[in-house]
Every structure is written in structure tokens, then in C-alpha cells.
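Subject: Structure for your review

Dear colleague,

Please find below the structure that I am handing over to you. My notes on what was found in it follow directly after.

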Amino acid sequence: MDEQKKRQQKNKYEDNKRKLNAKSSTCGSCIADLKKANINLEANIREWKTYKAKAYTGIAGKIFVENVFEGVVARELSKEFPESVKVMDNNIKKAKEICSEIKQQIQSLQSLQSTIKVDINIINNKIANL
């Protein structure tokens, strides 16, 4: 292979390598963003669980409190309270499912990034063997 063809081939490999590096960089950015989002969502889940636990303790866990909170409003709240807790539970469950899906996306992106690195190493070997 003459020098001009080697140069052309090397330029072609270098161009492919630049594109792969850009993809790898994009994957890295997405992974970082997803990890940050997952951390924030997990923090919110912990916070929601704390609020739910507080709803069942102390005075907040009792709808009817004699000489403090009773009557028509207490009766209405006692009807709504269990439904509100179900909504909280459902939201926590959905948030956990989202966390699981985020983790799967992170794994997929990490796998893609590994494949890209292998491809870059193959290109580097081809360049070295020119």
C-alpha cells in the first residue's frame, strides 16, 4: 500500500474514531445525568416515606382527637385519609419503578459505552498496523 492510500485509510480510521469518541462522550453525559436524576428521585422517595410515617404517628395519625379535633371535619378527614395514604403508596411505588427503569437505562448506556471502547481499540490497532 502506498503512502497516500495509507494516509487516506488512516484519516478514515481517525474520523471513525472521532465519531465513536463523541458517542462515548454523549453516553457518559447521559449516564451522569441519569445517575443524578436517580439520586434525586431516591431522595424524594425517602422523604415521602418519612412524611407517610409521620402521618401515622402522634396526633396526625388520629383523626378524632377528643377536645382538640372532632366533629364534622374530623369525620370527613377520616374518610379521605385512607385514600390519601393509598395515593402516597401508589406514587412511591411508581417512583420506585421509575428508579428501576433509570438503572436499566444506565446499564444499557454503560454497555454501549464499553462496546464503543472496544471498537475504538480495534481502530487503534488497525491504525498501528498501517
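**Surface and overall make-up**

The protein exposes about 9600 Å², of which carbon and sulfur atoms supply 52% (accessible areas come from the Shrake-Rupley method with a 1.4 Å probe, and for residues only the protein chains shown count as cover). Please note that this is a predicted model, in which local features need pLDDT of at least 70 and side-chain atom pairs count only at pLDDT 80 or more, while totals for chains, interfaces and linings use all residues. Residues are numbered from 1 along each chain as its sequence is written, and side-chain values use heavy atoms, with hydrogens and water left out.

The secondary structure comes to 2 helices and 0 strands (both are DSSP runs, numbered from the N terminus: H or I of at least four residues for helices, E of at least two for strands). Of the 130 residues in the protein, 20% are buried (buried means under 20% relative accessible area, exposed over 50%, and partly exposed in between, with a 1.4 Å probe and protein chains only). Among contacts in the protein with a separation of 6 or more, 79% are between residues 24 or more positions apart (a contact means heavy atoms within 4.5 Å).

**The nonpolar core**

The largest nonpolar core has 16 residues, and those touching the most other members are Leu 20, Leu 41, Ile 45, Ile 116 and Ile 123 (such a core is a set of buried Ala, Val, Leu, Ile, Met, Phe, Trp, Tyr and Cys residues joined through side-chain atoms within 4.5 Å). At least two residues of this core come from each of α1 (3-55) and α2 (72-128). The greatest contribution is that of α2, with 10 residues.

Apart from its neighbours within four places in sequence, Ile 45 is in contact with Ile 92, Ala 95, Lys 96 and Cys 99. Ile 120 is placed in helix α2 and is buried, with a relative accessible area of 10%. Neighbours within four places in sequence again left aside, Ile 120 is in contact with Lys 17, Leu 20 and Asn 21. The C-alpha atoms of Ile 120 and Lys 19 are separated by 9.8 Å, although the two residues are 101 residues apart along the chain.

**Cysteines and a buried glutamine**

A disulfide is a covalent bond between the sulfur atoms of two cysteines. How many disulfides does a search of the whole structure find? The search finds 0 (a disulfide being a pair of cysteine sulfur atoms within 2.5 Å). Cys 27 is in no disulfide, and the nearest cysteine sulfur, that of Cys 30, is 6.7 Å away. Cys 27 is also buried, with a relative accessible area of 6%.

Cys 27 is one of the contact partners of Gln 113, together with Ser 24, Gly 28 and Ile 31, once neighbours within four places in sequence are left aside. Gln 113 lies in helix α2 and counts as buried, at 16% relative accessibility.

**Salt bridges**

The whole structure contains 4 salt bridges (a side-chain nitrogen of Lys or Arg within 4 Å of a carboxyl oxygen of Asp or Glu). Which of them joins the two helices? Glu 42 forms a salt bridge with Lys 103, with the closest N and O atoms 3.2 Å apart. Glu 42 lies in helix α1 and Lys 103 in helix α2, so this pair ties together parts that are 61 residues apart in sequence. Glu 42 is partly exposed at 25% relative accessibility, and Lys 103 is partly exposed at 41%.

Within helix α1, Lys 17 and Glu 14 lie 3 residues apart, about one turn of the helix, and their side chains meet in a salt bridge (3.8 Å, N to O). Lys 17 counts as buried at 19% relative accessibility, whereas Glu 14 counts as partly exposed at 22%.

Arg 18 and Asp 15 also meet through their side chains in a salt bridge (3.9 Å, N to O). These two are 3 residues apart in helix α1, so about one helical turn separates them. Arg 18 is exposed, with a relative accessible area of 51%, and Asp 15 is partly exposed at 31%. Asp 15, Arg 18 and Lys 19 are linked in a network of salt bridges.

With kind regards
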